[in-house]
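Biologist: Please put the model up. I want to ask what lies behind the labels.

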Amino acid sequence: MPAHDTRLPLSRRGFLLASTGAAAALALAPAPAHAGARRPFGRFGSPAARLTPQTLYVDPKGRGDHTTVKDAVTAATGSGWTLVLAPGTYRETVAVDVTRTEATWIGASEDPRDVVIVYDNAAGTPKPGGGTYGTTGSATTTVQADGFTARWITFANDWLRADHPDITGTQAVAVKVQGDRSAFHHCRFLGHQDTLYADSIALTSFARQYFSHCYAEGDVDFVFGRATAVHENCHFRTLNRTDLAAAPYGFVFAPSTSGANPRGYLVTRSRVSSEAPDAFYKLARPWVPSSDTTARPSLVVRDTWLGPGIDAAAPYTNMSDAFPWQNQRFAEYRDTGPGARITVPENRPQLTAQQAESATREAYLGDWKPWREEC
């Protein structure tokens with residue numbers, strides 16, 4: 001996503017204690033000292049009482065099969081593996097390739113604040129051997145495989161603009177998800193720019209993704225990509241910025257839906273709150289990437305509370321004037337809150353009741369029903 005030439009100070013954020021000392025945190029705090037002290041894997045077994053032969057236990061203190069998520073993923077070759085993660089901060093990058101299908105990751109404490117996978121690469125971070133990571137390469141966690149499920153885990157990228165004034169590529173992805181049937185339940189996604197990259201493996205692939213009771217925060221385009229993604233009962237929070245003197249501070253959604261895909265992002269029964277001054281954020285802008293200039297970004301926000309941080313008079317804007325938002329597929333339905341007030345009707349396209357009948361999780365996800373899954 002296009003970089004802002006601005007820098008963001010720490011503002012409210014504390015510090016996350018890492019193995020080497022202190023690293024900048026994004027709404028992160030160390031897990032409570034008592035978390036998992038006696039039963040690091042909670043109700044999900046242990047290496048001595050393995051729930052299934054394809055369950056691996058991960059614990060940074062050495063009480064599991066592996067001490068890092070990356071090592072556990074490497075060991076879990078093929079399909080159908082479950083990783084149970086003990087409380088802790090896993091400072092590493094992790095990739096689940098296309099061969100590791102039907103994987104499940106579980107935060108053992110059943111509190112996403114206790115299990116944190118975090119790293120601090122940005123798009124402009126120099127790579128060993130030359131070049132930079134780019135937006136995709138900046139991701140702390142990358143999931144390409146189909147059938148991935150995560151529960152009670154925080155995915156974070158704690159790279160900060162203020163710490164790297166020499167870097168202009170400020171996109172810093174917490175998780176990039178490309179697989180079909182990817183589900184996240186009670187997870188957190190923490191970052192600033194390009195936090196949650198809900199995408200697909202190829203332009204012609206319409207990956208379905210489901211986010212339930214999740215929390216995502218950031219400033220610039222922090223939920224973006226071309227997936228068919230349903231966000232249900234989720235909380236999106238826009239961050240304050242002291243480096244900018246005027247609005248807008250950023251944009252919540254930046255879909256890049258393929259023109260051939262009838263459905264992009266659906267946000268339902270959710271809420272958008274803000275740390276920033278009133279009306280300093282746009283709800284969305286369309287991303288038409290250079291790799292797919294036929295994209296027609298699609299976003300429906302329905303039955304959702306929009307806080308005062310959203311600019312109610314002009315909630316949408318262009319990323320490029322060559323692709324005006326009015327030519328894309330943006331719409332709302334029965335939204336509430338101060339950020340949902342319709343003061344300029346032409347700036348707030350609304351679904352009819354009949355159109356809203358097709359804007360449901362069932363219509364978007366088809367025969368896949370992840371809301372029925374139990375852990």
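The questions and answers below go through confidence, cysteines, sheet and core.

Modeller: Ground rules. This is a predicted model, where local features need pLDDT of at least 70, side-chain atom pairs count only at pLDDT 80 or more, and totals for chains, interfaces and linings use all residues. Residues are numbered from 1 along each chain as its sequence is written, and side-chain values use heavy atoms, with hydrogens and water left out.

Biologist: What is the mean pLDDT of the protein chain?

Modeller: The mean is 92, and 90% of the residues reach 70 or more. The scale, the predictor's confidence in each residue, runs from 0 to 100.

Biologist: Where does pLDDT stay under 50?

Modeller: Over residues 3-26. The model still has 76 contacts there beyond four places in sequence; a contact means heavy atoms within 4.5 Å. Where pLDDT is low, the predicted coordinates should not be read in detail.

Biologist: Is C234 called buried or exposed, and on what value?

Modeller: Buried, with a relative accessible area of 4%. The cut-offs are under 20% for buried, over 50% for exposed and partly exposed in between, with a 1.4 Å probe and protein chains only. C214, at 5%, counts as buried too.

Biologist: What makes strands β20 and β23 a pair?

Modeller: Two strands pair if DSSP finds at least two bridges between them. Strands β20 (residues 235-238) and β23 (residues 271-274) have 4 bridges, in the parallel sense. Strands here are DSSP runs of E, at least two residues long; helices are runs of H or I, at least four, and both are numbered from the N terminus.

Biologist: How many strands form the open sheet, and in what order?

Modeller: The sheet has 8 parallel strands: β5-β8-β11-β14-β17-β20-β23-β26. Strands β5 (88-91) and β26 (305-306) are called edges because each pairs on one side only.

Biologist: Which residues touch the most other members of the largest nonpolar core?

Modeller: V69, W105, F155, F184, F189, F236 and F253, out of 66 residues. Such a core is a set of buried Ala, Val, Leu, Ile, Met, Phe, Trp, Tyr and Cys residues joined through side-chain atoms within 4.5 Å. Apart from it lies another core, of 13 residues, including Y210 and Y364.
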